[in-house]
Amino acid sequence: MARVPVAAPATVLRTARHAGRALQALAHRRPGRRRGPELELAARQNPYARALGLLCVVLLGAWLGLLAVGDVRVPVGPMNTTMTLRPSLTGGTKINISPLGALELRSHEAPLRLDVDVDRLDPERSQALVEHPERLAGLQDEVVRDVEHGTLDLAVRSCAAVVSGAAALGLAVYRRPRRALAAGGLALCLLAASGATAFATWNPESVLEPKYSGLLASAPSLVGDARSIVSEFDVYQKELARLVTNVTKLYDVTSTLPGYEPDPTTIRVLHVSDIHLNPASWKIIASLVEQYAVDVIVDSGDTMDHGSAAENGFLDPIPDLGAPYVWVRGNHDSKETQRYLDHLKNVHVLDDGRAVTVAGLRFAGIGDPRFTPDRSAVPGGDAAEDLAGARLASALRDQRAAGTPVDIAVAHEPAAARGTDGQVPLVLAGHLHHEEMEIMKYGTRLRVEGSTGGSGLRAVEHQYPAPIEASVLYLDRDTHRLQAWDEIRLGGLGLTTAEVSRHLPDENRP
């Protein structure tokens, strides 16, 4: 039989004494100090989760603070404006000019966007400016000073709003002053980092390339015309003052839009393409010709859909568009369509490298060698396009040898247009139903236009209607070189949006 060891009497007494003390302590412990499962879970909470929660509180509190008190009212020249900072993934500046529309500037890249709302014009200041144009000379410095003071006030107010909002929300959530102070400090650090990023990515030239959305009729007057860029001139101050001047004129006390006064040093070319039997296109083109004072229209093909003789009546409004019409054949246009257009007044049909001078510019072009109205594939299609491009390039060389160099070449298919690389400064094409711009290997700029007809009957094939696209190209009257271009984008079938984006070639940047 196994023997069980027996503890010494002293050891047993010590063990019992310790157990009694433990029971006595548990019996006298107050309920409020009992460690329950909730406290144990809180003690074991993931530190990353705590940090994420604090960050969410900071961001939400900072946003609420900006919404509540993060704006300042600033007079800028003759305008009364409201400046506000808003959270944004893309940054930049948005100038709201109600009811004319809005301008977006890629001024900086930071998680904060500057919103400037033009509330109203001071009647006395604006009237004095319109009646005394000599005061415009000092408007530039005045506008810059007003913007600097406004942004400084906005920065101070935004800091206070962000810190107060984050600290208040932190105190409400955590109920601990230390956590609230941490939230306010973190919010201030994030705002300072955002401000430093905005300063490091500040782009004053963004005023030269605004994106306008709103009333299409107001776009030329508000954005202005393309002009020669002088490198030593302070571009930001100059263009900001010009913007204020344009808005002042638009808000004249007569409440009538002033006539658009285009820059006399530029030739304006309206590039359209792929109309595809959309009758609304003619009204849009006529409107753009009038608003932008267009000198010549270039159509890079696919005006028709099937190229049948029954469709020819669709072309009759072209002579009344208000500007000469330069046209090349697309793969949806037949030779019958080409012959019909060739007999219309004010229309210049380009094919086989034929060159013509219109509005002071020399054009040459070639029609698409394919005719595929049913969108069928033609064997050897790519080779035919390459051959067409080679023929057009040969014609361009002949023109240059004859002392009449071509300024703009036109083809429908971009593959054919690429064959002119090195033979002409600018070549226009279409076919792709979206806009592209490319500097090719030997220096020729290829400009592909979107569909000015919104893809025609195919506009409803996808979830959203295809947009209506066109471009206004500004060329110097003396050198015939491209100075700038405006990309115009209208909402497709059933939509009413309008956007105008200004772009400058690299060689024209200050």
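The model is predicted, with local features needing pLDDT of at least 70 and side-chain atom pairs counted only at pLDDT 80 or more, while totals for chains, interfaces and linings use all residues. Residues are numbered from 1 along each chain as its sequence is written, and side-chain values use heavy atoms, leaving out hydrogens and water.

**Exercise 1. Strand β12**

Task: work out which strands pair with β12, and whether β12 is buried or exposed.

Solution: 
- Step 1: start with the ground rules. Strands are DSSP runs of E with at least two residues, helices are runs of H or I with at least four, and both are numbered from the N terminus. Two strands pair if DSSP finds at least two bridges between them.
- Step 2: look at one partner. Strand β11 (residues 354-358) runs antiparallel to β12, joined by five bridges. Here R354 stands opposite G365 of β12.
- Step 3: inspect the turn. The hairpin of β11 and β12 has two residues between the strands, and A359 takes a positive phi near 55°.
- Step 4: turn to the other partner. Strand β13 (residues 408-410) pairs with β12 in the parallel sense over three bridges, and G365 stands opposite V410 in β13.
- Step 5: check burial, where buried means under 20% relative accessible area, exposed over 50% and partly exposed in between (1.4 Å probe, protein chains only). In strand β12 (residues 361-365), five of the five residues are buried, so the strand is largely enclosed by the rest of the structure.
- Step 6: compare the faces. In a regular strand, side chains alternate between the two faces of the sheet. For β12, L361, F363 and G365 are buried on one side, and R362 and A364 are buried on the other.

**Exercise 2. Aromatic rings**

Task: describe how the rings of W282 and F314 are arranged.

Solution: 
- Step 1: set the rule. Rings of Phe, Tyr and Trp (its six-membered ring) pair if their centres lie within 6.5 Å; planes under 30 degrees apart are stacked, over 60 edge-to-face, and the rest tilted.
- Step 2: apply it. The count is two aromatic pairs. For W282 and F314, the centres are 5.2 Å apart and the planes at 40°, so this pair is tilted.
- Step 3: locate the partners. W282 is in helix α9 (residues 280-292) and F314 in the loop between β8 (296-299) and β9 (325-327), 32 residues apart, so the pair links distant parts of the chain.
- Step 4: W282 is buried at 7% relative accessibility, as is F314 at 14%. Together with Y325, W282 and F314 form one aromatic cluster.

**Exercise 3. Cysteines**

Task: state how many disulfides there are.

Solution: 
- Step 1: a disulfide is a pair of cysteine sulfur atoms within 2.5 Å. The count is zero.
- Step 2: C159 is partly exposed at 30%, whereas C189 is exposed at 51%.
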